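Let's walk through this model together, starting with the overall picture and then moving strand by strand. Keep the viewer open as you read.

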Amino acid sequence: MRSRGILVCVAIAGAAIASGCVAPFIEPLEESLVFRPRPIDEQHLKALSAAGRIEEVRLETPDGYKLHGWLKRPDAWKAGRPHPLVIVYAGVGQEVSEFVPRAHVSGDWGWLMINYRGFGLSQGSPSERTVLSDAKLVYDWAHARPDIDGSNIVVLGRSLGSYVAIAVAAARKVRAAILATPFDSAAALGEQHIYGLPLGWLMQERYNAVLIAPSVSAPALFVLAENDAVTPVKNGLALARRWGGIAKTVLLVGAGHRGVEERDEYWKQIGSFLGALDPVTSSVPEPSTGR
């Protein structure tokens, strides 16, 4: 119920922000109403510091804040050989250190997980505006690294992070997208719980994944949880129907919104999807500079 309430708060906060002149006053509230930052678990931090093939990453935003996370190299990584990469964008209240050890599929795929502002050791306060800007910064940093294959970058978004991943895929060149427990729009979620308020009109582009999904031509995997009461299956399917590229949907039978990363089937489906991607044989343009 708490997670459902958070998504309703997303709708309410987005509607308030979209109303216009109150934006400077409402945006700071997104940190507590929408994102719910969490500190890092010290045990997770110590474990990652001692682990092999994991590089601690610190990025500075244009407005001077430090973002923190980890780059996890694949088992078969060799110095001088670029490897494909999955960039993970987390959901509501998710601090990414706990997922770094779990992120693993067979093959050459590495994983990049950077905490949003206010989460873990990342500085600043998260909002829709800052998180989307930072997400593109994270992509650009990875794309520029010589040890990462810029033609094979996949974005993976979980719940609220699915919206972030789609925004990156619309603004940058990605190999594919993986959208786990996604939603079509915060307004659509909110209207299931708030009757009589025209959230679609009020929110417009705020937290509206379905609005930008048709512009993305990359293939996508939609991972839906059968018993998801926060981002229901019907909302994920509504998003998949509007996807601009090939869309594959899989259903995690018996799963709810929480804990999908703990299920073997979750990683199996992701691994199968990544393994089935056609090899890239042509060069990929440099990422656009559009915001």
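Among the contacts in the protein with a separation of 6 or more, what share comes from residues 24 or more positions apart? In this predicted model, such pairs account for 75% of those contacts. The protein has 291 residues, and 54% of them count as buried. Its accessible surface comes to about 12,700 Å², with 54% of that area belonging to carbon and sulfur atoms.

Now for the secondary structure. You will find 11 helices and 8 strands in the protein. The 8 strands form an open sheet with mixed pairing, and their order is S1-S2-S4-S3-S5-S6-S7-S8. At the edges are strand S1 (54–60) and strand S8 (247–252), each of which pairs on one side only. On average, neighbouring strands of this sheet are turned by 20° against each other, with direction ignored.

S1 and S2 are joined by 7 bridges in the antiparallel sense; here Leu 59 has Leu 67 in S2 as its bridge partner. Strand S2 (residues 66–72) also runs antiparallel to S4, and 4 bridges join the two. In this pairing, Lys 72 stands opposite Trp 111 in S4.

Which strand pairs with S4 in the parallel sense? That is strand S3 (residues 83–89), over 4 bridges.

How many of the residues of strand S4 are buried? With a cut-off of under 20% relative accessible area for buried, 5 of the 5 residues of S4 (residues 110–114) qualify, so the strand is largely enclosed by the rest of the structure. To see how the side chains are arranged, look along the strand: Gly 110, Leu 112 and Ile 114 point one way, Trp 111 and Met 113 point the other way, and all are buried.

Helix H5 (residues 128–144) lies across S1, S2, S3, S4 and strand S5 (148–158), and H5 runs at about 165° to S3. Helix H11 (residues 264–276) packs on the sheet as well, where it touches S3, S4, S5, strand S6 (176–180), strand S7 (220–225) and S8. The direction of H11 makes about 165° with that of S6. If you return to S4 with this in mind, you can pick out its strand partners S2 and S3, along with H5 lying across it and H11 touching it.

How values were computed. Residues are numbered from 1 along each chain as its sequence is written. This is a predicted model: local features need pLDDT of at least 70, side-chain atom pairs count only at pLDDT 80 or more; totals for chains, interfaces and linings use all residues. Side-chain values use heavy atoms; hydrogens and water are left out. Buried means under 20% relative accessible area, exposed over 50%, partly exposed in between (1.4 Å probe, protein chains only). Contact means heavy atoms within 4.5 Å. Accessible areas come from the Shrake-Rupley method with a 1.4 Å probe; for residues, only the protein chains shown count as cover. Two strands pair if DSSP finds at least two bridges between them. Axes are lines fitted to C-alpha atoms, for helices over the stretch in contact, and angles run from 0 to 180 degrees between N-to-C directions.
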